[in-house]
Structure formats: structure tokens, C-alpha cells
Amino acid sequence: MADYKERYQQWLTSDAIDEATKEELRSIKDDDKEIQERFYKDLEFGTGGLRGVIAAGTNRMNVYTVRRATQGLVNYLIKKDPKAKEKGIAVAYDSRHMSDVFARETAAVANASGMKAYVFESLRPTPELSFAIRTLGCKGGVVITASHNPSKYNGYKAYWEDGCQVPPPMDEEIIDEVEKVDLFDGVRAMPRSEAEAKGLYIEIGEDIDKKFIDTASDMIIDKEAVKKYAKDLKIVYTPLHGTGRMPVMRALKQAGFEPVIVPSQEMPDGDFPTCPYPNPEVLSVFEPAQKLADQIGADICIATDPDADRMGILVRTKDGVFHQFTGNMTGTLLLSYILEARKKTDTLPKDGFIVKTIVSTEMARAIAESYGVEVRDVLTGFKFIGQQITNSVNTGIGHYLFGFEESYGYLCGTYARDKDSVSAVLMISEMAAIYKAKGMTLVDALEALYKKYGYYKEETISLTFEGLEGADKIRDLMDSLRNNHKDSYGGLKVQVLKDYSKGIDGLPKSNVLRFTLEDNCWFCVRPSGTEPKIKFYFGVKGKDEKEAETMIETLKKDVLPNA
């Protein structure tokens, strides 16, 4: 493979590259480090697909890398299934810069290979793309999004015919196909007008919207209670300038709730002007929502990320203060509510199972096992939860009940194979309304779970290391923990070290380390698959909140580098 300087020159001299892109590249001709960052490698599929900064270069998101990725994906789909062209792909996109352009380019490349492309007429949530693939019988799909990353990023998530993001080893096989594609003369694209005339470019919208929202709404468990109490719950909702505005507001209103949307964050905007890091895990993104909630006396604030697959909440306590829930807190509440409701209605199957990631709270295990429900642990990335659903449906073994990951992703049914904020918003609102009717808040409900199962506390620390030097730093940190770890951390002995790079527990190989410590404590370390970060996950169980907080702080100090 050519080095970064040669690749840079190739882009500057090729007739396949447009003049505006060349001009952008000429502007960095004296910045060797920037040239290296842009061209030292190709973007790779991680847990969330292709993701990078929007700019010219092989290691950046641009029209050329999107076209090349699509050509490789299309070649792979056709190789796998002779009927792939007729089945086609579904394409969706979010509110980010260039998302609509990248979506149209994706369709153009598919169409040039004779493949149908079902393209949403305007921006839509990621889970609706997963739903559309299965509803339309497509061979695969693509959604253009960088999820919760800052505005300079965009991304490309590839999906299989079951509605899951492509899992290992399929992602690696697609990368192999992409690498076979010459960026300059190996990509074909068909103008939209020609594709429409040939019946290859098909625009989709309202019909899929209605089916998706109706199906997500079916996840409401106690419809009579919701009908009775919905209007008593005051909800403030923010889509954080993303795709959630239409489906979330429509679903809530359809269920009988009367949500109030945050005006300053209502409209799609790729600059994310009120929240530079549009992530519902970050408390600051809720500032406009909380201000509005205080004005109208709202009970709960709900936020969804730009592609509306993840959800975060703030809950007002009885003393009037808002409490932020982590993904683990929300996940355990939803899990407990679903299982208890199933038990009461005698619809809890004997072979029921829930799925969580290896970095999610162990409280879920305690809850599920108390109901006799199996817990399946998977690697980080919701595609692995989706795989469990698909395998269960295909084999008829086991009944999927709920899946979640600590990073604010939940799925309550089998209609999609990716996390869905729409059904999650509906279910959290259902719970809040019913508990309010009982004189309880969701904080009270969570405290009741702690009293029953023990005080579990988790925390995630992400350390960012940008660029090539950052990648080396992350690799060194992983190597040190893998090969030179201590016998105890935070005064707690290491009982089990699982190195998932070896392909253990029936899971694909992944660069993840998980340390199980004594006293129901653990920590896990992995490089992010979508960002230049290394993530440390910590979990403890204490007899009360104070003990749990002390335990986790002690553990963090002993594990984190340069702490």
C-alpha cells in the first residue's frame, strides 16, 4: 500500500477527484502532520460502522470514501445472494452535515450496479432504517450518521437483511471487498433521474413511518393505565437537533401523552448549536429542557441523540430536584417493569431471556434471575444483541424479552434489530405515569430496586487520544493491562481476567479486557470502535449508596492511568 504522501499526491492528480476537493487538499500542503492524519489509513468498520471527521482524505468521511465503501458493500451483497439486486438496500440519514449527500451517493452507487435503493425522503431515525430493511425485505441497508459525535463527524452504518448492523466476521469480509475497490476507477454511480426511470431509486416515507410508529407503540404494556394516566404526566422532550422530533412526538401523542418539545433544540441542525456534543449521557445537553421543565412543572425530561436510537432522562424527585439517570439505571428499571408486568399477566415464557453487554450493570442479572429469566452477555455494540434476537427467531429457541447496553440503548421488542429510542421513550413514559398515579417517582422506583437487590453503582470513564500518536497510546495501555496487570485493584483481588481478544465465551474476538474482582466488583477496558478513545467501565455493589460510591472511587484511582 502506498504511504500517506503518495496517497495524498494521488488525490491531487487524479481526474476522478473534483476540483473543490483538490483545493481543500492544497490548503494543507505545508502541514505534513495533517496530511498524515488524513491519509495514513482507510476508515475501518468498528462497533458502529464507518465513522470519521468530514474532510478530504482516505481516513476521512467524504463522497469518495462513502462511494468506495458502498461499492464494496454492494459487491459483497451481490456475491452473497444472486437476488440481492432485486431485494435492494434501504438508505436513511440524520441531520448531520453532508448526510443527505452521502445518502444519495450511496443510492447512486447501488443503482449503478443494478441494485434497488429504497431511500427515505428526508431524515429518519436509525431504528426506523432497521425496521424498514425487514419490512421491505431488503438484502441490507445503510444509515448515514455519527450518532452522538460532535458536528465535525459523520458516519456510515451498514446493515444486513435481518436489520442488524453487520457483525464479525461479516464486517471484516466487507472491508476486504472495499479494499479491492480502486477509489479512482473502481466505483460506478448512476444519476438519480436515470435510476428512477429504471425503477431502481425508490423514495419511501409516510407508509414506513406509520408502520414503524404503530409497531413501536405496541410495546406499551398496560395500555389501559396509559390511557387513564398519560395526561397527568408532564413530559419535556428534546431531539437535540436530530431526527427524533417527528417519530417521538408523534408516538407520544398517539399514546395519549401531551409532551412539550424544547423550542431551541427542536429543529434539525448539523451544527448542534445548543449542544456541541449532542449526547444524552451528558448532563449539559439537558439545560434548555430543564429550564423549560421548571417553568411548566414537568415530571420528566427526555432527550434522544441525533439519530434517535439512544435515550437519556432526568427525573424530578419529590423535593423538586432533577436526578439524571444513567443508562444502567434506566435499563434496570425497564427490565424490572417488563418482567413484573409479564409475571402479573402470566405472559412470562419459561424460556425467556434478556441480553446485556459485558460492560453493563450486573444488577440486571440479579433482577432477571429472580424471575427465572436467562441472561445472555454479549460484546459492546447493539448488533450483538440484535444477533441474539435473530438467532432466537430463526431457531425457535428462547423468547427475547429485553436488551440494553449501558450507553443508553434499549430495545423492547423484536420489530427492529437495533436500539430504539421511540419505544424506549414510550415505555419510560408509561412507567413514569403509572408510578406517579401511585404517588411515586422513577427515583422512588429505582430506590425500591436497590433495597431489594443491593446498591449497584457503575461509572464509565473515557480517555481521548487523538490521531496516530493517540492510537499508539491506547495500544500501550491495553498491552500493559493485558500483560502486566496487578493481582488486586482498589484492595479487591482479581478473581477472573477475561481477554476477549482470544475469542472466549462463544463471542467473536474483540480487544476487550474484563476483570472480575471479589465482592461483586469488576472493571472492563476497551478501545472505542467509533472514536479515538479508550473506555474504562467500573461496577460495584455496596450495602448502601455511600459505600458503593467509596468503593468505585477507590477502584478508579487504582485502575486509571496517571490517576
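His241 sits in the loop between strand 7 (235-238) and helix 12 (245-255), where helices (H or I, at least four residues) and strands (E, at least two) are DSSP runs numbered from the N terminus. The model is predicted, so local features need pLDDT of at least 70 and side-chain atom pairs count only at pLDDT 80 or more, while totals for chains, interfaces and linings use all residues. Residues are numbered from 1 along each chain as its sequence is written, and side-chain values use heavy atoms, with hydrogens and water left out.

**Surroundings of His241**

- His241 counts as buried, at 2% relative accessibility; buried means under 20% relative accessible area, exposed over 50%, and partly exposed in between (1.4 Å probe, protein chains only).
- The side chain of His241 reaches the backbone oxygen of Met267 at 3.3 Å. A polar contact is a pair of N or O atoms within 3.5 Å; within protein, one must be able to donate a hydrogen and the other to accept it, and residues adjacent in sequence count only if both atoms are side-chain atoms.
- Leaving aside residues up to four places away in sequence, His241 touches Ser95, Ser264, Gln265, Met267, Pro268, Asp269, Phe272, Pro273, Thr274 and Cys275, contact meaning heavy atoms within 4.5 Å.

**Cysteines**

- The structure holds zero disulfides, a disulfide being a pair of cysteine sulfur atoms within 2.5 Å.
- Cys275 is in no disulfide, and the nearest cysteine sulfur, that of Cys301, is 14 Å away. Cys275 is buried, with 2% relative accessibility.
- Cys412 is likewise in no disulfide; the nearest cysteine sulfur belongs to Cys164 and is 16 Å away. The relative accessible area of Cys412 is 11%, which makes this residue buried.

- Strand 9 (residues 300-304) is largely enclosed by the rest of the structure, because five of its five residues are buried.
- Ile300, Ile302 and Thr304 point one way from strand 9, whereas Cys301 and Ala303 point the other way; all are buried.
- Strand 7 and strand 9 pair in the parallel sense over four bridges; two strands pair if DSSP finds at least two bridges between them. Thr238 has Ala303 of strand 9 as its bridge partner.
- The pairing of strand 9 with strand 10 (residues 311-316) is antiparallel and runs over five bridges, with Ile300 opposite Val315 in strand 10.
- The hairpin of strand 9 and strand 10 has six residues between the strands, and in it Ala308 takes a positive phi near 55°.

- Six strands form an open antiparallel sheet in the order 16-21-20-19-18-17. Its edge strands are strand 16 (455-464) and strand 17 (488-489), each of which pairs on one side only.
- Strand 17 and strand 18 (residues 492-499) pair in the antiparallel sense over two bridges, and Tyr489 stands opposite Leu492 in strand 18.
- These two strands, strand 17 and strand 18, form a hairpin with two residues between them; in the turn, Gly490 has a positive phi of about 60°.
- Strand 18 pairs with strand 19 in the antiparallel sense over five bridges, and the bridge partner of Leu497 in strand 19 is Phe515.
- Helix 20 (residues 545-559) lies across strand 16, strand 17, strand 19 (513-517), strand 20 (521-527) and strand 21 (533-542). Helix 20 runs at about 145° to strand 21; axes are lines fitted to C-alpha atoms, for helices over the stretch in contact, and angles run from 0 to 180 degrees between N-to-C directions.

- Thr380 lies in the loop between strand 13 (374-378) and helix 16 (382-395) and is buried, with a relative accessible area of 11%.
- The side chains of Thr380 and Arg526 are joined by a polar contact of 3.4 Å.
- Thr380 and Glu406 are 26 residues apart in sequence, and their C-alpha atoms are 9.2 Å apart in space.
- Ser336 is placed in helix 14 (residues 327-344) and is buried, at a relative accessible area of 12%. Not counting residues up to four places away in sequence, Ser336 touches Ile367, Tyr371 and Leu449.
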